[in-house]
Amino acid sequence: MSYCPSCKYQFEKGLKICPNCETELIEHLPEEHEVDEKWMLLKKYHSEVEANMIKEVMENNDISCLIRFDVLHDSLLVDSSTALLYVSESTIEKAKKIISEMISVQKQDSKK
Ligand SMILES: [Zn+2]
């Protein structure tokens with residue numbers, strides 16, 4: 001397989017130049033691309049609503065999210081579940097930046 005380092009597409013062996021962006025194709029995928037994209041824990045939320053809100057913001061920024069629930073086994077408390085928000089490894093820096101920007105906007109709002 002040939003691989004375009006720029007647009008991350010794979011092409012049939014034999015191609016030397018990416019038909020999309022004319023970048024020179026490389027023979028093998030970089031090591032980190034050989035594995036399926038990893039999901040990284042972005043943040044923990046105490047409610048599904050909150051996690052879904054962030055998920056929506058991320059998706060508006062072209063970051064796909066995954067929400068998993070971490071439920072304590074022996075708890076009778078209603079709020080014992082934690083919503084874990086995951087983003088893929090390649091987008092986590094962007095996602096963190098968006099979150100920190102959101103937090104700073106919230107702080108500015110509360111000053112008013
Ligand atoms: Zn390309």
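## Asparagine 52 and the basis of the model

Asparagine 52 is partly exposed because 15 other C-beta atoms lie within 10 Å of its own. On this scale a residue is buried if 20 or more other C-beta atoms lie within 10 Å of its own, exposed if 12 or fewer, and partly exposed in between, with C-beta atoms placed from the backbone. Asparagine 52 belongs to helix H2; helices (H or I, at least four residues) and strands (E, at least two) are DSSP runs, numbered from the N terminus. The C-alpha atom of asparagine 52 is 9.6 Å from that of leucine 66, and the two residues are 14 residues apart in sequence.

The model is predicted: local features need pLDDT of at least 70, side-chain atom pairs count only at pLDDT 80 or more, and totals for chains, interfaces and linings use all residues. Residues are numbered from 1 along each chain as its sequence is written.

## Confidence and overall organisation

The mean pLDDT of the chain is 81, and 79% of the residues score at least 70; pLDDT is the predictor's confidence in each residue, from 0 to 100. Among the elements, helix H2 (residues 48-60) has the highest mean value, 92, whereas helix H1 (residues 31-34) has the lowest, 51.

Three helices and five strands make up the elements of the chain. Read from the N terminus, their order is β-β-α-β-α-β-β-α. The chain has 112 residues, of which 11% count as buried. Of the contacts with a separation of 6 or more, 46% come from residues 24 or more positions apart; two residues are in contact if their C-beta atoms, placed from the backbone, lie within 7 Å.

## Helix H2

H2 has 13 residues and spans 18 Å from its first C-alpha to its last, close to the 18 Å expected at 1.5 Å a residue. The expected span of a helix is 1.5 Å times one less than its number of residues.

The buried residues of H2 are Ala51, Ile54, Lys55 and Met58. They lie on the same side of H2, because they cover an arc of only 105° around the axis; the arc is that of the directions from the helix axis to the C-beta atoms. Val49, Glu56 and Asn60 are exposed on the other side of H2.

## The nonpolar core

Nine residues form the largest nonpolar core: Leu42, Ala51, Ile54, Met58, Cys65, Ala83, Leu85, Val87 and Ala95. H2 and strand S5 (81-88) each supply at least two residues of this core. Such a core is a set of buried Ala, Val, Leu, Ile, Met, Phe, Trp, Tyr and Cys residues joined through C-beta atoms within 7 Å. In soluble globular proteins, nonpolar side chains tend to be buried together.

Leaving aside neighbours within four places in sequence, alanine 83 is in contact with Tyr45, Ser47, Glu48, Ala51, Ile67 and Phe69.

## Positive phi values

Most residues other than glycine have a negative phi. Glutamate 22 has a positive phi, near 65°. This residue lies in the loop between strand S2 (10-11) and H1, and glutamate 22 counts as exposed because it has 9 C-beta neighbours inside 10 Å.

Aspartate 62 also has a positive phi, near 60°, and comes just after H2. It is located in the loop between H2 and strand S4 (65-71). Aspartate 62 is exposed because 8 other C-beta atoms lie within 10 Å.

Cysteine 21 is situated in the loop between S2 and H1. With 11 C-beta neighbours inside 10 Å, cysteine 21 is classed as exposed. Apart from neighbours within four places in sequence, cysteine 21 is in contact with Cys4, Ser6 and Cys7. Serine 6 and cysteine 21 are 15 residues apart in sequence, and their C-alpha atoms are 7.6 Å apart.

Methionine 102 is part of helix H3 (residues 92-111). Because 13 other C-beta atoms lie within 10 Å, methionine 102 is partly exposed. Its C-alpha atom is separated by 9.7 Å from that of valine 57, 45 residues apart along the chain.
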